[in-house]
Protein chains: 2
Amino acid sequence: MKIVVDAFGGDNAPREIVSGAVNALSEREGFKVVLTGKSDEINALLKEYSFDSARVEVVEAPDVITNDMAPVEAVRKMKNSSLVKGFYVLNSDPDARGYVSAGSTGAVLTAATLLVKRKPGVLRAALAPVLPTVKGGRVIMVDCGANSECKPEMLYNFAVLGSDMAKRSLGIRNPRIGLLSNGTEDKKGTDLTRSAFASIKADEKLNFVGNMEAREILSGDYDVVVSDGFSGNIALKACEGTALAFMTLLKEGIVNGGLRAKVGYFMLKPVLKSLKTTMDYNAYGGAVMLGLEKVVVKAHGSSKAKSVSAAILQALSLAEGEDREA
Amino acid sequence: MKIVVDAFGGDNAPREIVSGAVNALSEREGFKVVLTGKSDEINALLKEYSFDSARVEVVEAPDVITNDMAPVEAVRKMKNSSLVKGFYVLNSDPDARGYVSAGSTGAVLTAATLLVKRKPGVLRAALAPVLPTVKGGRVIMVDCGANSECKPEMLYNFAVLGSDMAKRSLGIRNPRIGLLSNGTEDKKGTDLTRSAFASIKADEKLNFVGNMEAREILSGDYDVVVSDGFSGNIALKACEGTALAFMTLLKEGIVNGGLRAKVGYFMLKPVLKSLKTTMDYNAYGGAVMLGLEKVVVKAHGSSKAKSVSAAILQALSLAEGEDREA
């Protein structure tokens, strides 16, 4: 099995991407990585590491899609970009089962939607990040930005896809599904959510808990949070922003808190460090594009080697999971 | 001027409500409070404090609306509840200019919408909480739950109301307005937000920054965040939930971190305490119902005396602000 990696996607490309790819190879046997991008630069970086060269392919792609480019236009025109070229490899090579990029979210979403076949019965692909919870588990949010305007049947689709992913990649037997709303009562929400509520509830194969508030996303009481891509994106980024705000204020407090605060920080460092690790959802890999024939993982733009490696192994295990089912 | 206070609304009613009311009187001269609820209980609690009795009125209201009641039905049927009775006092007494309740959000929204006149030109009242930012300032979110389904002109309305409140209660001369979306580019969002974007931008009296992501809500780069009530509610509660998750994990880490962690906690206590205070938006009062002829403030259900007092003083200053304009 091969995992295709966009070596020039993300803020820390290509160095951290290549390093993450080599790291992933050292952590798991039985798969290869295909790195797309400027081959001379990639090969130069690869020379810094020792690894089984038979497990790495490099595919030349001279162009780079940046975040400031209009996604659709970029994907259509820049066929020789590391991001788009990767999708061509994914489609043309039967051994290529997964794709990982830390590049422009818009471009990855667009390319995945335009270039990768959807699974039968899937209306639209959805972006699903995995977040940590206070109980030590994880929660999958779907959709977090692939579809800003949704129909009820799409939300039902997301529930099925999310539940399926929770089983495969989190190993949860009967995933608890919550429908993101502005209250927990059945009648809460919009016409969209009320209609989606009915169809999700109607499917007895799903473990549907009901409407949930955004306050509960990290509570650990849900395994899958279903929403339209607009609301999901807002919920995800509000969580990110608050976590960031917390860390910023804590840092400032310590810096301005004199000796006592600095000593306190030193003593509390192990706790704060593990707190930071728990809240850092990049450590759990990237956001998965659900509903496609092949596995597509969008790693965070700021990903370092550790997150890239996690995203590659995540793509690998998801692809393997599909084999077990087939 | 009088501020009407629902003495039996909220998790800590009536004790914390009464205590907060007396506290507000001690902090500011020149206004009275009208407490609605079971008068015998209220009077018994009032006996515990010393204050100018001429500044307190008690209005008998034997019934209590609880959170589990259907708002519309409760408001229609329970005319003798402390929550609804307060609105009758607000309407009938010309000196009554503000209303504060920590009771059921749904019931307060419903009662305010049904019983209080809207200002001319206002399409729908909107719920606007005030959040702290990492830069030490505050940000107003409008709407956070009064209107789950919105039309573009309503969002434009919210921008005007929010900007107006930022001037009056935060004293900001030219409030920076952001439209909550799934990206910062002008074309991002839904049909609703794109259309609202155009009309907000068209009003040159507004300082419209453009589309913003939920990640930026607490950044201090915006004074007013405009959204439909569904998305706003999700953004607000996602921020709340993440802050809560942070505190929970920090606490656990300290409890399980042995002596070193406990010493560190002791040394870092002042920093963590001020951090908690900064993040605690209840300290800044409650969520204001914007667009009504009289000031209505919904205090957090878990409000203690401090927050109740802050909400009462917030209602007072908003009412005074309208006098200055008139």
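User: How many helices and strands does chain A come to?
Analyst: In this predicted model, the secondary structure of chain A comes to 10 helices and 12 strands.

User: And how compact is chain A?
Analyst: Chain A is as compact as a globular protein of its length, because its radius of gyration is 20 Å, close to the 20 Å that the globule rule gives for 326 residues. The C-alpha trace spans about 60 × 60 × 35 Å along its principal axes.

User: How much of chain A is buried?
Analyst: Buried residues account for 57% of the 326 residues in chain A. The chain exposes about 13,200 Å², and carbon and sulfur atoms supply 53% of that area.

User: What share of the contacts in chain A join residues at least 24 apart?
Analyst: The share is 72%, counted among contacts between residues at least 6 apart in sequence.

User: Charges next. How many positive and negative side chains in chain A?
Analyst: Chain A has 41 positive and 38 negative side chains. The centres of the two sets lie 3 Å apart.

User: Moving to the largest nonpolar core. How many residues, and which have the most contacts inside it?
Analyst: The largest nonpolar core has 62 residues. Those with the most contacts inside it are Met141(A), Ile217(A) and Leu268(A) from chain A, along with Met141(B), Leu180(B), Ile217(B) and Leu268(B) from chain B.

User: Which elements each supply at least two residues of this core?
Analyst: In chain A they are β7 (138-142), α8 (229-255) and α9 (258-279), and in chain B they are β7 (138-142), α8 (229-255) and α9 (258-279).

User: What does Leu268(A) touch in chain B?
Analyst: Leu268(A) touches Ile254(B), Ala261(B), Gly264(B), Tyr265(B), Leu268(B) and Leu272(B). That list does not count residues up to four places away in sequence.

User: Staying with helix α9 of chain A, is Thr277(A) buried or partly exposed?
Analyst: Thr277(A), which lies in helix α9 of chain A, counts as partly exposed at 43% relative accessibility. Its C-alpha atom is separated by 9.6 Å from that of Pro132(A), 145 residues apart along the chain.

User: Now α8 of chain B. Is Asn233(B) buried or exposed?
Analyst: Asn233(B) is found in helix α8 of chain B and is buried, with a relative accessible area of 7%.

User: Why does 7% count as buried?
Analyst: Asn233(B) counts as buried because its relative accessible area is 7%, and buried means under 20%.

User: What is Asn233(B) in contact with?
Analyst: Leaving aside neighbours within four places in sequence, Asn233(B) is in contact with Ser181(A) and Asn182(A) from chain A, and with Asp143(B), Cys144(B) and Gly145(B) from chain B.

User: Asp143(B) again. Where does Asp143(B) lie?
Analyst: Asp143(B) lies in the loop between β7 and α6 (152-170) of chain B. A cis peptide bond joins Val142(B) and Asp143(B), with omega about 5°.

User: What about the peptide bond from Ala13(A) to Pro14(A)?
Analyst: The peptide bond from Ala13(A) to Pro14(A) is cis, with omega near 0°. Pro14(A) lies in the loop between β1 (2-6) and α1 (15-27) of chain A.

User: And Ala13(B), where does Ala13(B) lie?
Analyst: Ala13(B) lies in the loop between β1 (2-6) and α1 (15-27) of chain B. Ala13(B) is partly exposed, with a relative accessible area of 25%.

User: Which residues is Ala13(B) in contact with?
Analyst: Ala13(B) is in contact with Ala7(B) and Phe8(B), leaving aside neighbours within four places in sequence. The C-alpha atoms of Ala13(B) and Ile42(B) are separated by 10.0 Å, at 29 residues apart along the chain.

User: What does Val33(B) touch?
Analyst: Not counting residues up to four places away in sequence, Val33(B) touches Ile3(B), Ala21(B), Leu25(B), Arg55(B), Val56(B), Glu57(B) and Ile312(B).

User: Last one, where is Leu123(A) found?
Analyst: Leu123(A) is found in the loop between α5 (105-115) and β5 (126-128) of chain A. Leu123(A) is partly exposed, with a relative accessible area of 38%, and touches Arg118(A), Glu153(A), Met154(A) and Asn157(A), not counting residues up to four places away in sequence.

Notes:
Residues numbered from 1 in each chain as written. Chains lettered and ligands numbered in written order. Predicted model: local features only at pLDDT ≥ 70, side-chain atom pairs only at ≥ 80, totals over all residues. Heavy atoms only, no water. Core = buried A, V, L, I, M, F, W, Y, C linked by side-chain atoms within 4.5 Å. Buried < 20%, exposed > 50% of the residue type's maximum accessible area, 1.4 Å probe, protein only. Helix = DSSP H or I, 4+ residues; strand = E, 2+ residues; numbered from the N terminus. Contact = heavy atoms within 4.5 Å. Rg over C-alpha atoms; globule rule 2.2 N^0.38 Å. Areas by Shrake-Rupley, 256 points an atom, 1.4 Å probe, with all protein chains shown as cover. Lys, Arg positive; Asp, Glu negative; His and termini not counted. Charge placed at Lys NZ, Arg CZ, Asp CG, Glu CD.
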